[in-house]
Amino acid sequence: MDHAAVIEIVDRDGHCRETHKVRAWPVRIGRSPESDLVLSDPHLAGAHALLHWQDDTPTLELLPSHNGAWLDGRRLAAGSRHAWPSAALLQIGATRLRLRTSLDPLPAEKPLLRHDEPVRRDARPHWALPALLAVWVLMMLATNWAGSDGSATWVDTVSAMLAPIGVALIWAALWALVTQVFRHWFAFGAHLWRALVATVAMQLIGLALPLMAYAFNLPRLLSVEALTMPIGAALLLWWHATVVWPRASRRLAVGIGAMAIVGVVLTVGRRTEQQYWLGPNYMATLAPPVLRIATPKPVDSFIDGMQSLEAPLLKQAEKRNEQSGGSGDNDE
C-alpha cells in the first residue's frame, strides 16, 4: 500500500525551503520537465533518480548519471538501489532532500512564542484622531486666551497654534518614514496619534499640578511638573519605537528607561543648584479664589512664617556675592 509523503528541499542548515507533495508513486527526480520533481540543478541528469514505495519502505533507485548521490554522507553509485529512511539526508548534485511520510511520527505542535506572533496594527475608530486633534486645538486656544492680556489679534492666535501643529505633523512624518523602512508601513496616523496623546496628557498634567498645588496648598507638587518632561518624552519615544520594532519592546523599554533616569537626575541636579531640593517654582498666576480648598492662614501667621526665609535668602545672597566677586578682574 502506498502512503502519503512529501519531499523537502533543505538548505545547508537543515531548514526546509520548499515542500513537494508526492502525488503518485514512483517519483521521478531530475532536471527534465518530464520528471515529477524538477530540480534546476546543473549537476543532475535529466532523469537522475526514481523513488519507489516498496514493502512499506521508500526505496531510491539511482538512474544513470555522472555524479550519483550521497545518503547521510555515504556515496551512492549510479544504478544502485537503497532504502531512504525519513531521518536521512539525501544529496543529489548540489541539492539536499529530505523525505517525510505518513508513517513517521508527527512531532507535537509547538506553542507560538510571543515574538513570533503577528503584530497588530492600530485599531482605533476613524473619528478618534480628528477628535483628539480638535481637543488639542481647543486646549491651545484656552491656554492662549488665559495667558493673553486681550491685545492679541486672531492672526497672532492662529500663528501661535500653527507652530506646534506643524511640529507634531513633521514629527509623525519622520517616524512614519522610519516605520516604512523597517516594516514597509507608512504609519503616519499611528505616530500622529501617539504624539497627540502624549502632548495632550502632558498639557493636562501641566494645568492640573499648579491648580492642585494652589487648591490644596501643596507647593511641592510644582516640583513634579519639571519631571514630567523627561519621563513623558521617554514614554513617547518608547511608544513610537514599539511601532517600528514591535518585537523588541522590552529591550527598548530598558534602553529608553535608562535615558529617562539620566534625564530625571540631570533635572533634579539643575533644580537643586537653582533652589533647594526639588523646590517649587514661583507661581506667576493664581487661580480664582473660589478654587482654593485649603484653609487660609491668618496674616500674622503668614508674616511669622516669612521669617524662616531670612536665613536661606542670606545664604543665597552670600553665594551670589562670592560668585560675582570671584568672576571679575581683580582691582589694583
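**Reading the features**

Reply: Let us begin with a charge and a ring: the charged end of arginine 75 sits over the ring of tryptophan 70, 4.6 Å from its centre. This is a predicted model, in which local features need pLDDT of at least 70 and side-chain atom pairs count only at pLDDT 80 or more, while totals for chains, interfaces and linings use all residues. Residues are numbered from 1 along each chain as its sequence is written, and side-chain values use heavy atoms, with hydrogens and water left out.

Me: What does it take for a charge to sit over a ring?

Reply: NZ of Lys or CZ of Arg must be within 6 Å of the ring centre and within 35 degrees of the ring normal.

Me: How many aromatic pairs does a search of the whole structure find?

Reply: Rings of Phe, Tyr and Trp (its six-membered ring) pair if their centres lie within 6.5 Å; planes under 30 degrees apart count as stacked, over 60 as edge-to-face and the rest as tilted. The search finds 4 such pairs. In one of them, the ring centres of tryptophan 171 and tryptophan 175 are 6.2 Å apart and the planes stand at 65 degrees, so this pair is edge-to-face.

Me: Where do tryptophan 171 and tryptophan 175 lie in helix 2, and how many residues apart are they?

Reply: Helices (H or I, at least four residues) and strands (E, at least two) are DSSP runs, numbered from the N terminus. Helix 2 covers residues 154-183, and the two tryptophans are 4 residues apart in it, so about one helical turn separates them.

Me: Is tryptophan 175 buried or exposed?

Reply: Buried means under 20% relative accessible area, exposed over 50%, and partly exposed in between (1.4 Å probe, protein chains only). Tryptophan 175, at 15%, is buried, whereas tryptophan 171, at 34%, is partly exposed.

Me: In what order do the strands of the open sheet come?

Reply: Two strands pair if DSSP finds at least two bridges between them. Here 5 strands form the open sheet in the order 4-3-5-6-9, with mixed pairing. Its edges are strand 4 (37-38) and strand 9 (81-83), each of which pairs on one side only. Strand 5 (residues 49-54) and strand 6 (residues 57-62) run antiparallel and are joined by 6 bridges. Glutamine 54 stands opposite threonine 57 in strand 6.
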